[in-house]
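Student: I've just opened this one and I'm new to it. Could you walk me through it, question by question?

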Amino acid sequence: MLTKRIIPCLDIKDGRTVKGVNFENIRDAGDPIELGALYARQGADELVFLDITATNERRKTLAELVTRIARHVNIPFTVGGGISSVEDVNVLLQSGADKISVNTSAFKEPALVDRLAREFGSQCIVLAIDTRFEDGDWYVYLNGGRVKTDVKAFDWAKEAVNRGAGEILLTSMNNDGTKKGFALDITGQLSQNLNVPVIASGGAGNMEHFVDVFGNAQADAALAASIFHYKEIEIPALKTFLYNKGVNVRF
Amino acid sequence: MKTVIIKYNAGNIRSVQFALERLGVNGTVTDDHEEIMAADKVIFPGVGEASTAMQYLKERKLDKVIGGLKQPVLGICLGMQLLCRHSEENNTDCIGVFDVNVKRFQSPVENLLKIPQIGWNNITGLHSVVFEHVPENAYMYFVHSYYAALGADTVAITNYVINYSAALQKNNFYAVQFHPEKSAEAGARIIENFLNL
């Protein structure tokens, strides 16, 4: 039986792991290769590396980092952050990434999703959406949560899936950094109405939150960063907890 | 010992090469007929679409080379599907080592079954030397929309609404639907077992 996935997310800047709390206040949390390999040994099901470097050297540095990760990490990993062209994706996949995630660039040019899916297959195209609940609905935000749009998260997710996105990585900005749990309503809405896997992100604070997002919201995977980096929750204990709660997980 | 990885227009070759490297083995990526035929072990990987991959292989006569190999061959994911008889993916005739057909997952109710299947699933009914020291119900990483049906050559079974072939074996041909190169220690064990044949 297909299991629910636990995915640690490593934010990368200049080759180092960082974590932004509510996308601000960045703190250093270690070397990405070592941390990634440690999570793999502990039973993480996948990893996400999100590059937030903004320099011109970015692309080359990222491709080199991806190669080093692929050499040392024996589980699948996704790379995201500033990816905006077929060529970017080609370089990262050739370097050893299993999947890539697109966010702002895909929203601004939705045909990019079609092109990427046609060129590389839907299975390696993850659409990342940052969303915030306001005025009665969930809206898409761009540029790492700084720019508001008037498009609803569900509508954009549905369109992207029709264009060929193979997974949705949904981050609730309301929940991110709060440690009060995942956004169950919008996660559930996407998971139950789209025929691709939904990765829930933002808000994980304790183990019960993972039970909720897999059980109530029917997420296919749950992503978290700081609670893993600062060892507030360790993956083996989380897997055991989920198993005892009847969630199907891999040991 | 020389291990080659067949080079063609399908992804994930780098990941397979790195997985071999982690086991201390150098995998040569090549599409040269002589080099492939002379190798001790041949890995036929792949992530991609069946008809374009088959067309590429046929244009280079690699389909005949692969089908005629006598040394141990390991097909992975699309590589396994291309070793079957026929794939529903764009109605493609494949190499035909394994006498089974490849079909697309069908959701019994709309949106019940997410396609592709992405993630870790367990393998059961293991009976092949490549599964030595791999426990029954071990979890492997799968990414696919099409599956090989059950048949006489099935040596491992996985369930995703229906039971299908997680692995096939016939004579010197071994094939797995999942990605052993991405399936942590249990996956590495399978690759190691293959290399030790």
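Student: Is Asp11(A) buried or exposed?

Tutor: Before we start, this is a predicted model, where local features need pLDDT of at least 70, side-chain atom pairs count only at pLDDT 80 or more, and totals for chains, interfaces and linings use all residues. Residues are numbered from 1 along each chain as its sequence is written, while chains are lettered from A and ligands numbered from 1 in the order in which they are written. A residue is buried if 20 or more other C-beta atoms (placed from the backbone) lie within 10 Å of its own, exposed if 12 or fewer, and partly exposed in between. Asp11(A) has 23 other C-beta atoms within 10 Å, so the word for it is buried.

Student: Which feature does UniProt place at Asp11(A) and Asp130(A)?

Tutor: UniProt positions are given in the numbering used here, with feature names shortened, and annotations may be inferred rather than shown by experiment. The entry is unreviewed, and the feature it puts at Asp11(A) and Asp130(A) is "active site".

Student: Where does Asp130(A) sit, and which residues does it touch?

Tutor: Helices (H or I, at least four residues) and strands (E, at least two) are DSSP runs, numbered from the N terminus. Asp130(A) is in strand S7 (residues 125-134) of chain A, and it is buried, with 26 other C-beta atoms within 10 Å. Contact means that C-beta atoms, placed from the backbone, lie within 7 Å. Not counting residues up to four places away in sequence, Asp130(A) touches Asn103(A), Tyr141(A), Gly145(A), Thr171(A) and Met173(A).

Student: How many residues does each chain bring to the contact between A and B?

Tutor: On the side of chain A that touches chain B, helix H2 (58-72) and helix H3 (86-95) are the elements that give two or more residues. The contact takes 26 residues from chain A and 28 residues from chain B.

Student: Which strands does S3(B) pair with?

Tutor: Two strands pair if DSSP finds at least two bridges between them. Strand S1 (residues 3-6) of chain B is joined to S3(B) by three bridges and runs parallel to it, with Val4(B) opposite Val42(B). S3(B) also pairs in the parallel sense with S4(B), over three bridges, and there Ile43(B) stands opposite Leu74(B). The partners are S1(B) and S4(B).

Student: Which residues of S3(B) point the opposite way from Lys41(B) and Ile43(B)?

Tutor: In a regular strand the side chains alternate between the two faces of the sheet. In strand S3 (residues 41-44) of chain B, all four are buried, and the ones pointing the other way are Val42(B) and Phe44(B).

Student: What is the phi of Cys77(B)?

Tutor: Most residues other than glycine have a negative phi, and most peptide bonds are trans. Cys77(B) is in the loop between strand S4 (73-76) and helix H5 (78-82) of chain B, and it is buried, with 28 other C-beta atoms within 10 Å. Although it is not a glycine, its phi is positive, about 55°.

Student: And which residues does the cis peptide bond join?

Tutor: Look in chain B, in the loop between strand S7 (101-104) and strand S8 (117-122), where Pro116(B) lies. Omega is about 0°, and the bond joins Ile115(B) and Pro116(B).

Conventions:
Contact = placed C-beta atoms within 7 Å.
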